[in-house]
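Biologist: I would like to go through this model and ask, for each label, what it rests on. Please show it before we start.

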There are 2 protein chains.
Amino acid sequence: MRMITFEERKKRALKRLAETGADADIIEILERINSIEKFFTTSSCSGRIVLLKIPHAGSKREAKFIAKWHRPVSAAEVLHAIDDSMRVEGCTGECEEIWLIEQPPIIHVACRDMRSAEEMLKIAYASGFKYSNLKSLKHFIVEILSTERMDVPLCECGRMLCTSEYVEFVVLRANFLLNRAKKKLKRLLENLWTGIL
Amino acid sequence: MRMITFEERKKRALKRLAETGADADIIEILERINSIEKFFTTSSCSGRIVLLKIPHAGSKREAKFIAKWHRPVSAAEVLHAIDDSMRVEGCTGECEEIWLIEQPPIIHVACRDMRSAEEMLKIAYASGFKYSNLKSLKHFIVEILSTERMDVPLCECGRMLCTSEYVEFVVLRANFLLNRAKKKLKRLLENLWTGIL
């Protein structure tokens, strides 16, 4: 069986990206990376704050998103989304938890060879993405990733575990981390233009 | 200048490990990995729950450990460590925060070549370490890492942000995640013996 080439995989990935689109904060970066022959992007997220409903056992596999924001949020928005979720679904019998999670930007880049992967990693590190790594050795997939992350439980079994003052503090910190991570996206875009590529 | 060989680097790493030792939960794994010619371990942690004091700006670079446990903890231990820290240091003027952080096990393995790195990654994934990756392309350093992680703020400026009931819940969850991650260490050890190496 003929192996699918890098160029064919790139063509498919670009078609998929054109169909699905990407977050506004990250689209310029994807376009810049995809304009370079030896790279293409396979998936990405510009960084977000989410509310996740998790079964009591703590398995994120069966988790369900209550809300997703790719921007800073207010405590009122968070409390409102939690209220809505409780009102609509109530307690489903199984004792569920709601967690607020802040996730940094993540970009997966397929690279033509090991040398290209090294170049992409160098630029990612130089832009502050300290958790960047080579995810797949088979297809030289570089994961561009930074460190800003929070995982905070807020509710259990349909009741708040903490005060709204605490939610305000957590939201403040989550926004701070999200903004810091988003600034790194700007550095990454600059370095992708001025870098050694 | 002569390049230092894999064997020389391994010798140095084993000497360092003999001097510094390692966590009880992980030592058997390190010994097994180091018994295989084409691998050696460079650093590791068996998973832990820590209390970290962080300057207001949120920079972990200037963070200071208040307490570290490589085992499940009780809420009383956590509250006691926070109390102690506040009593001894008080508020230093700058508005500091205390966070409880649960971190999964992490092992860095230097591999002789790309093929060995692929084998080690395969075993890591099969043992449940889903965030494993190739950290350094220069020296083929595989990072064995799983997903269990919590980062929860508890105090600000010398005052608790939440109730002791909330601390109890957070500790319960942190212990659950730590135990789950530690079980993966057992699977990893088994797979290192029965695997394809």
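**What the labels rest on**

Modeller: This is a predicted model. Of the 197 residues of chain A, 38% count as buried.

Biologist: How far is A:Arg87 from A:Asp113 in sequence and in space?

Modeller: The two are 26 residues apart in sequence and 52 Å apart in space, C-alpha to C-alpha. The C-alpha atoms of chain A fill a box of roughly 55 × 40 × 25 Å along the principal axes.

Biologist: Which secondary structure elements does chain A have, and in what pattern?

Modeller: Chain A has five helices and nine strands. Along the sequence they follow the pattern α-α-β-β-β-α-β-β-α-β-β-β-β-α. Of the contacts in chain A with a separation of 6 or more, 70% are between residues 24 or more positions apart.

Biologist: Why is strand 4 of chain A called mostly covered?

Modeller: A residue counts as buried if 20 or more other C-beta atoms lie within 10 Å of its own. In strand 4 of chain A, residues 97-103, seven of seven residues are buried.

Biologist: How do you know that both faces of strand 4 of chain A are covered?

Modeller: On one side A:Glu97, A:Trp99, A:Ile101 and A:Gln103 are buried, and on the other A:Ile98, A:Leu100 and A:Glu102 are buried.

Biologist: What makes strand 4 of chain A a partner of strand 2 and of strand 8?

Modeller: Two strands pair if there are at least two bridges between them. Seven bridges join strand 2 of chain A, residues 48-54, to strand 4 of chain A, and the two run antiparallel. Within that pairing, A:Ile49 has A:Glu102 as its bridge partner. Six bridges join strand 4 of chain A to strand 8 of chain A, residues 150-156, again antiparallel. There A:Trp99 stands opposite A:Pro153 of strand 8 of chain A.

Biologist: How do you know that the two copies are related as by a two-fold rotation axis?

Modeller: Chain B can be laid on chain A by a turn of 180° and a shift of 0.0 Å along the axis, with an RMSD of 0.0 Å. The two copies are thus related as by a two-fold rotation axis.

Biologist: Why do you say the copies meet through the same surface?

Modeller: Because 100% of the interface residues of chain B are also interface residues in chain A. The contact takes 24 residues from each of chain B and chain A. Helix 4, strand 6, strand 8 and helix 5 of chain B each supply at least two residues of the side that touches chain A. The largest share of that side, six residues, comes from helix 5 of chain B. By type, that side of chain B has 15 nonpolar, two polar and seven charged residues.

Biologist: Which residues of the largest nonpolar core touch the most other members?

Modeller: Of its 54 residues, they are A:Val109, A:Met120, A:Val142, B:Val109, B:Met120 and B:Val142. Neighbours within four places in sequence aside, A:Val109 is in contact with residues including A:Ile33, A:Phe39, A:Met120 and A:Val142. Another core, of 46 residues, lies apart from the largest one and has A:Ala181, B:Ile66, B:Val73 and B:Leu161 among its members.

How values were computed:
Residues numbered from 1 in each chain as written. Chains lettered and ligands numbered in written order. Predicted model: local features only at pLDDT ≥ 70, side-chain atom pairs only at ≥ 80, totals over all residues. Least-squares fit on C-alpha atoms with pLDDT ≥ 70 in both. Contact = placed C-beta atoms within 7 Å. Helix = DSSP H or I, 4+ residues; strand = E, 2+ residues; numbered from the N terminus. Nonpolar A, V, L, I, M, F, W, Y, C, P; charged D, E, K, R; others polar. Buried ≥ 20, exposed ≤ 12 C-beta atoms within 10 Å, placed from the backbone. Core = buried A, V, L, I, M, F, W, Y, C linked by C-beta atoms within 7 Å.
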